[in-house]
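Here is a short walk through one protein model, for anyone meeting it now. Have a look at the chain below, then read on.

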Amino acid sequence: MDVLHDFYSDTQTRPTRAMREAMLDAPVGDERHEACPTTNALNARVAEMLGMEAALFLPSGTMCNEIAIAVHTRPGDEVICTRESHIIFAESGGPAALSGVMMHPVDGARGMLTPAQVEAAVRPASAHAPRSRLLVCEQTANLAGGAVWPLAELNAVAETARAAGLATHLDGARLLNAQVATGIPAAEFARGFDSAWIAFTKGLGCPVGAVLAGSSEFIADAWLIKRRWGGAMRQTGVLAAMCLYALDHHVARLADDHALARDIARRIAELPQIAGVLPVQTNIVIADLSDAAPDGRTARAQLAEKGVTVTVVGHRRLRMVTHLDVGPANAAALVSALAELG
Ligand SMILES: Cc1ncc(COP(=O)(O)O)c(C=O)c1O
């Protein structure tokens, strides 16, 4: 059956007509030589939004994370992050394959670490141990149900890492969701970090793009790796034009996605098929199936027969994400399909 109600991810949006039109008159040049005016304008805008000196347009968020890890570390170093981090579960082993680093996963509560946990994870300097070198945090925490790190806690964790001599990197795939949910500017969340990025292909609805920001020195190093890994492009102004359009038109409306996610969570919490729903702060709903429902994979298949897509993120755990291309009618279809699981 065709997908009619796509809650699989906020990456499933199609570019709007207005977004496609924004490409038409965009001035373009060779991005590889930093000569694309629209891409340069996007980089400058994101650097400012994140309170950083410079920024770099990249095809994907994965490339932002992987380049940042490569710049901040040397082979054999250790990266501290939560066990549920995207860099661990969904980047195809990139940190090991591309940077030769070890991961030091820590069990965070709702995708968040405490300063004490970071302190405990940092290894004392020793010729026998890997060098603790980098802390990576996710804002919002994807597998924790789009949970928002409170600003004070995020700052405290970053400060602890820096005091121990670590570099800090913020995975901001959904940082703007955190900004909209809290009213706190993205730059405030990024303040304790040496590098941070935002995605354009999640809630902002673009087909391509993420921008990585940091100090001028960090971005110079990031450029080198981007070119080395084949990430340098040409007339990216057409893509950057869509991203600029999204910054102007698709940020405030993330509040609609959040309201829809809260509404879905409230309604499905009452279903016998649902044992519990994680608290919803942004656009991600994570629900555990009760004994009245089949396991996650079977549930996903039953939902797909009704044109509803979701992600299985645990044996009996489903993830549903709201975005530009789903509204109240799709939410109603999702709720009824879940109510018919059996
Ligand atoms: C938290 C998080 N980080 C990184 C990424 C990677 O972004 P991309 O899909 O653009 O590579 C994602 C993608 O969903 C994500 O959810």
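This is a predicted model: local features need pLDDT of at least 70, side-chain atom pairs count only at pLDDT 80 or more; totals for chains, interfaces and linings use all residues.

Helix H8 (residues 175-182) and helix H12 (residues 254-268) have axes that come within 9 Å and cross at roughly 80°. Angles from 65 to 115 degrees count as roughly perpendicular, so that is how H8 and H12 sit relative to each other.

Who makes the contact? On the H8 side you'll find Leu 176, Asn 177, Val 180 and Ala 181, and on the H12 side Leu 254, Ala 255 and His 258. Sorted by class, this H8 and H12 contact has 5 nonpolar residues, 2 polar ones and no charged ones.

## H12 meets another helix

H12 also has helix H14 (residues 328-339) as a partner: their axes come within 10 Å and cross at roughly 25°. Angles under 35 degrees count as roughly parallel, so H12 and H14 are described as roughly parallel to each other. The crossing of H12 past H14 is right-handed.

From H12, the residues in this contact are Leu 260, Asp 263, Ile 264, Arg 267 and Ile 268, while H14 brings in Pro 328, Ala 331, Leu 334, Val 335 and Leu 338. That gives the contact of H12 with H14 8 nonpolar residues, 2 charged ones and no polar ones.

## An open sheet with a helix across it

Next up is a sheet. It is open, has 4 strands in the order E9-E10-E13-E12, and its pairing is antiparallel. On average, and ignoring direction, neighbouring strands here are turned by 35° against each other.

Zooming in, strand E10 (residues 284-289) and strand E13 (residues 317-321) run antiparallel and are joined by 5 bridges. Which residue of E13 is the bridge partner of Ile 284? That's Val 321. Helix H13 (residues 296-305) lies across E10, E12 and E13, and runs at about 170° to E12.

## Around the ligand

Finally, the ligand. It is surrounded by 13 residues, and the closest are Ser 60, Gly 61, Thr 62, His 86 and Ala 173.

What classes of residue make up the shell around the ligand? There are 8 polar, 3 nonpolar and 2 charged residues. Helix H3 (residues 61-72) supplies the largest share of this shell, with 3 residues.

Technical notes:
Residues are numbered from 1 along each chain as its sequence is written. A residue is near a molecule or strand if its C-beta atom, placed from the backbone, lies within 6 Å of it. Helices (H or I, at least four residues) and strands (E, at least two) are DSSP runs, numbered from the N terminus. Ala, Val, Leu, Ile, Met, Phe, Trp, Tyr, Cys and Pro count as nonpolar, Asp, Glu, Lys and Arg as charged, and the others, Gly among them, as polar. Axes are lines fitted to C-alpha atoms, for helices over the stretch in contact, and angles run from 0 to 180 degrees between N-to-C directions. Angles under 35 degrees count as roughly parallel, over 145 as roughly antiparallel, 65 to 115 as roughly perpendicular and the rest as oblique. Two residues are in contact if their C-beta atoms, placed from the backbone, lie within 7 Å. A crossing is left-handed if the near helix is turned anticlockwise from the far one by less than a right angle, and right-handed if clockwise. Two strands pair if DSSP finds at least two bridges between them.
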